[in-house]
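Subject: Handover of a structure and the findings

Dear colleague,

Please find below the structure that I am handing over to you. I would be grateful if you kept it open while reading the notes that come after it.

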Amino acid sequence: MAVEFYGWEVFYDDDHHLSAEQEPKAGRTYTMYHGTSVQIARSIITAGFQQSRDGMLGPGVYISRNQKKAERYPLNSARTDRVVLKLQVDTGKVKKIDTDNHPMQKTWHANGYDTAWVPPNCGMKAVPSGLEEDCVWDPNRIEVVDIALAPDQSITAELKGLISGAKRNKGTGMKPQHQAGNCGVCRKARATPHQIETCWGCGNNICTFMTKHKCRV
């Protein structure tokens, strides 16, 4: 008797990189970067990000998918004190801010958004570099996964060790999920409920966000 298989498998870029002009989609996790000093990098890795009190886009954590932009920070600091953290970011619901004095420039979170996104070369005077920028309201949506840039190999090794230690201390290596939680079928973080269907091959529940499903009939 022949055995038939049904299903699919999807392969993604493990880094989930977006080009600067691509708008992030809700419920997805993307690679981004944050530039800071050596000492603050140590603090972020061990204790997590802290929300800024204010900024161009209001309170939040300011990051970019453009590593070159992150490498500029902290401004006016020596290169020997600059670190770029590589991040995995659950952007949640995203609001594009692409004009000066945008009506939601500092109120996007109050209007139900999790991240504000300034696209590159949008002409905003507040972003003279023209480089892409993001502001994430909830620091728990951000996880430090690697060191993209450090002054020397010694500091790189130290910070990577702190990342490994932070992951061990958390058990799973992930920050607590935001209140929306994970899909019970595909296990991915979600900002809105995922659509659940019944597989026509095996009858099991499947999610449209699953990267792989295989059944035998």
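The notes below describe the fold, the nonpolar cores, the salt bridges and the confidence of the model.

Please bear in mind throughout that this is a predicted model.

Overall architecture

The chain contains three helices and eleven strands. Read from the N terminus, these elements follow the order β-β-α-β-α-β-β-β-β-β-α-β-β-β. Of the 217 residues in the chain, 42% are buried. The accessible surface amounts to about 12,300 Å², and carbon and sulfur atoms account for 48% of that area. Among contacts between residues at least 6 apart in sequence, 63% join residues at least 24 apart.

Nonpolar cores

In soluble globular proteins, nonpolar side chains tend to be buried together. Here, the largest nonpolar core has 21 residues. Those with the most contacts inside this core are Phe 49, Ile 63, Leu 85, Leu 87, Ile 142, Val 144 and Ile 147. Two or more residues each are contributed by β2 (29-37), α1, β3, β4, β8 and α3 (153-170). Another core, of eleven residues, lies apart from the largest one, and Leu 57, Trp 108, Val 127 and Cys 135 are among its members.

Salt bridges

The model has eight salt bridges, and three of them are described here.

Glu 132 forms a salt bridge with Arg 65, their closest N and O atoms being 3.1 Å apart. Because Glu 132 lies in the loop between β6 and β7 (133-136) and Arg 65 in the loop between β3 and α2 (67-70), the pair ties together parts that are 67 residues apart in sequence. Are these two residues buried or exposed? Glu 132 is buried, with a relative accessible area of 0%, and Arg 65 is buried too, at 6%.

A salt bridge also joins the side chains of Arg 141 and Asp 90, with an N to O distance of 3.3 Å. This pair links distant parts of the chain, with Arg 141 in the loop between β7 and β8 (142-149) and Asp 90 in strand β4 (residues 82-90), 51 residues apart. Salt bridges that share partners join Asp 90, Asp 114 and Arg 141 into one network. Arg 141 is buried, with a relative accessible area of 8%, and Asp 90 is buried at 6%.

Asp 54 and Lys 106 meet through their side chains in a salt bridge of 3.2 Å, N to O. Asp 54 sits in the loop between α1 (38-47) and β3 (61-63), and Lys 106 in the loop between β5 (94-96) and β6 (115-118), 52 residues apart. Asp 54 counts as partly exposed, at 45% relative accessibility. Lys 106 is likewise partly exposed, with a relative accessible area of 46%.

Confidence of the model

The chain averages a pLDDT of 82, and 74% of the residues score at least 70. Where pLDDT is low, the predicted coordinates should not be read in detail. Two stretches call for such caution. Over residues 10-15, pLDDT stays under 50, and the model has seven contacts beyond four places in sequence for them. Over residues 172-180, pLDDT also stays under 50, and the model has 20 such contacts.

Yours sincerely,
A colleague

Technical notes: Residues are numbered from 1 along each chain as its sequence is written. This is a predicted model: local features need pLDDT of at least 70, side-chain atom pairs count only at pLDDT 80 or more; totals for chains, interfaces and linings use all residues. Side-chain values use heavy atoms; hydrogens and water are left out. A salt bridge is a side-chain nitrogen of Lys or Arg within 4 Å of a carboxyl oxygen of Asp or Glu. Helices (H or I, at least four residues) and strands (E, at least two) are DSSP runs, numbered from the N terminus. Buried means under 20% relative accessible area, exposed over 50%, partly exposed in between (1.4 Å probe, protein chains only). Contact means heavy atoms within 4.5 Å. Accessible areas come from the Shrake-Rupley method with a 1.4 Å probe; for residues, only the protein chains shown count as cover. pLDDT is the predictor's confidence in each residue, from 0 to 100. A nonpolar core is a set of buried Ala, Val, Leu, Ile, Met, Phe, Trp, Tyr and Cys residues joined through side-chain atoms within 4.5 Å.
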